[in-house]
Amino acid sequence: MNENLPTIPPAQNWRTISQSVKPRAMSRGGRWRLFTAGLRLTGVTLVLGGLGWGAWLVSAALQEDPRRIPVAAKAVSMKAPELETTRDGVLDQAWLARTLELKSGVSLMELDLGRLRERLLLQRQVLTADVTRIFPDRLKVRITERSPIARIRIEADGGQCDLVVARDGVAFLGTGFDAAMLASLPWLDVGLARDGIAYRTLVDLEQVARLLADAQFSAPHLYQTWQTLTLVRLVSDDEIEVVSKNRTTAIFSAKGEYFVQLAKLDYITDQLASKPYARARIDLSLGREVPVMIEPLVPVRPTRTVTKPASNRFPTAFSVSQLISKP
Amino acid sequence: MSSRSSFIGAVEIGTSKISVLVGECSGRELAIIGRGECASRGVIKGVVADNRAASDATHSALEMAERDAGERIDLVFLAQSGGHLEGFYNEASVNVKASDNMIESGDVRTVCDLAKSKELPTGRMVVHNIRRPFRVDGRLVPGSPENLVGQRLEVGYWTVHGQEQRLADHINVIRGFNLEVRELVLSSLAAGHMVTSPEERQHGVLVLDIGAGTTDFVLYRDGGPHTTGVVPVGGTHLTNDLGIGLRLQEGQAEKLKLRFGRASVQTKDRAQKVWLDGNFAIGDRQFSQQAIEQITAARTWELLEVVKKKLGGAFSPETCASGVVLTGGTAKLSGIVEVAAKVFGVPAHLGEAPTWVSENLRDPGYHTALGLLYYGVSVQAEKSAANRRHSGFFNGMKRLFTHA
């Protein structure tokens, strides 16, 4: 069989003959070819080395000391930077000029693009920023902006300051947004800790953003009445508490489908519209059962004020089965 | 000029002249862009005898070819001839390994390795391993036997080998010009590839490349080379015979051979004379035309007989249906075709380059260099195609497990 065949080394081939030759064994033509080949190799090495060295010099000059930039590079003064933002972006040229604070007559080569980008990103309304030189005299700034989903009031420097919050939990000033649009956003009832000069990013805001987006889309009439969103029990119980202008408190489950919960809320709100009440608490977080607690209106007695005990604030309670036959 | 082109020099260091052709090769396309030619020095019977003289002549031809092409040669395909080249046939057979008797690549590799592995005497080196068609259970298989079913796989190789020192001398001539020898090709194979068609090679044809110092021959059968050989006798021997027989200097004898030499005796009149120079000046001499013809015919006949004897049983008129093709400088000798037909008993004709070869390269003296270029390029293309086939990821993994 083939496995038992002897292994015979193959015979020597002419290719094993060494083809190395010393220059002194070459003819004049051969030595000239060797010389020109060496010259060519040296030339290519020098050119590549020179290019690399030049590139290194330029990058080093730009990184370490912009003043070492040649005069010729500084001669062309730059035009006003161009801003390119997202389609629904609100930031404008004036904001860009204020933010970048470029000196007049500065040339393109004198700019430190990294620092400019950092300065743009310090404005937390800016999600991404890209700064590009377009020679000879244009600077192009491409940014994407954050969109606000809610407002937040914070204590700052002894006073109060209103910020807006994006869906990724970043709080920012909300420069350039329409005041009416900002006024229509609900408030977030949550504390915001400081981290140096900036505020910390709010975590788990994605659920809230989804609720607000669903409400805006499927129940805008409800969304318009929403005043405050409390996130105290979001982490522990996955519950979002929404307080409306009509003194109704709705508790949403962050685990459930918001569309279903909004539909139930809409139905219950319609049912309650005919019943006068001081305050109502609708718990949508329990699934099919929706407990609704109603505090009836108390007739005003001008002579004396009656203070009710805290435990009796919602004396009337009934199950959703009484109100909802089908959600 | 394409940036992917390579410039190949085909060099034939012959006994009487050195020919160089420059080809621009891009992929499988080849264009001949330059040529150089120089009278040979330091080469006797196809072998480098004086390295310095041979190098000077070869380098002159190379420089001339580079100037003509306007490009630098990157690598060289070198023709190889000389009496030191010999050949032998060795065959091997293996039992097919697979239980279903289907031949696998491993079987093919094993049988080929065995057939090629015959040990050579010290100082000898393989120039070519020419494979003959495979046989599966005695049945001839023109192509690859892989995936055919059979019990026994056989193959034979015609191995051409030469003296290491002689081969190195040839290579060193080229290395002296700081050029790499990429392929060493037997002169007869190069010339045979150029002057025969695939159909002729399939039916069987004998190619005789009669040069100045050597006569190279190759016998094709079943589409491929079957037997090759070199006889260290060529046109120079005819010149020498004339010089000795008629008491002439080498140059004068060469002149007489070219003008009045014949491969057969046609002149009946013994008194018919020819003049050496024909200018009737002092020193011009008369010679018998019949004597010249007798000398050249005797040597030509002898040369062809030697070739026939060397071929032995490999040659027979039945297996050489396409006859004999003559090429090389001495093939221009008047009447040699008829003599060849008589000696071998088959039709003979002068080899011609294919019609696409330009007019200035159609001389038989360029057939070897032309063949070198085309044979070399096709061999390189086959090798690179085979490398591509075997260098895939799957093949790499397969090899890894095979050798594990």
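**Exercise 1. Find what share of chain B counts as buried in this predicted model.**

Start with the length: chain B has 404 residues. Of these, 44% count as buried. Next, look at how the chain is built: chain B holds eleven helices and 19 strands. Finally, turn to its contacts. Among contacts in chain B with a separation of 6 or more, 69% are between residues 24 or more positions apart.

**Exercise 2. Decide whether A:M26 is buried or exposed, and list what A:M26 touches.**

First, locate the residue: A:M26 sits in the segment before helix 1 (28-64) of chain A. Then count neighbours: A:M26 has 20 C-beta neighbours inside 10 Å. The cut-off for buried is 20 or more, so A:M26 counts as buried. Last, leave out residues up to four places away in sequence; A:M26 then touches A:V21, A:R31 and A:L34, along with B:G176 and B:N178 of chain B.

**Exercise 3. Trace how strand 12 of chain A is joined to strand 11 and to strand 13 of chain A.**

Begin with strand 11 (residues 239-244), which runs antiparallel to strand 12 (residues 248-253) and is joined to it by five bridges. One bridge pairs A:E239 with A:S253 in strand 12. These two strands form a hairpin with three residues between them, and A:R247 in the turn has a positive phi of about 65°.

Now move to the other partner. Strand 12 and strand 13 (residues 279-283) run parallel, with four bridges between them. Here A:I251 has A:D283 in strand 13 as its bridge partner. To finish, follow the chain from strand 12 through helix 9 (residues 258-273) to strand 13: this β-α-β crossover is left-handed.

Key: Residues are numbered from 1 along each chain as its sequence is written. Chains are lettered from A and ligands numbered from 1 in the order in which they are written. This is a predicted model: local features need pLDDT of at least 70, side-chain atom pairs count only at pLDDT 80 or more; totals for chains, interfaces and linings use all residues. Two strands pair if DSSP finds at least two bridges between them. A crossover is right-handed if, with the strands pointing away from the viewer, the path from the first strand over the helix to the second runs clockwise. A residue is buried if 20 or more other C-beta atoms lie within 10 Å of its own, exposed if 12 or fewer, and partly exposed in between; C-beta atoms are placed from the backbone. Two residues are in contact if their C-beta atoms, placed from the backbone, lie within 7 Å.
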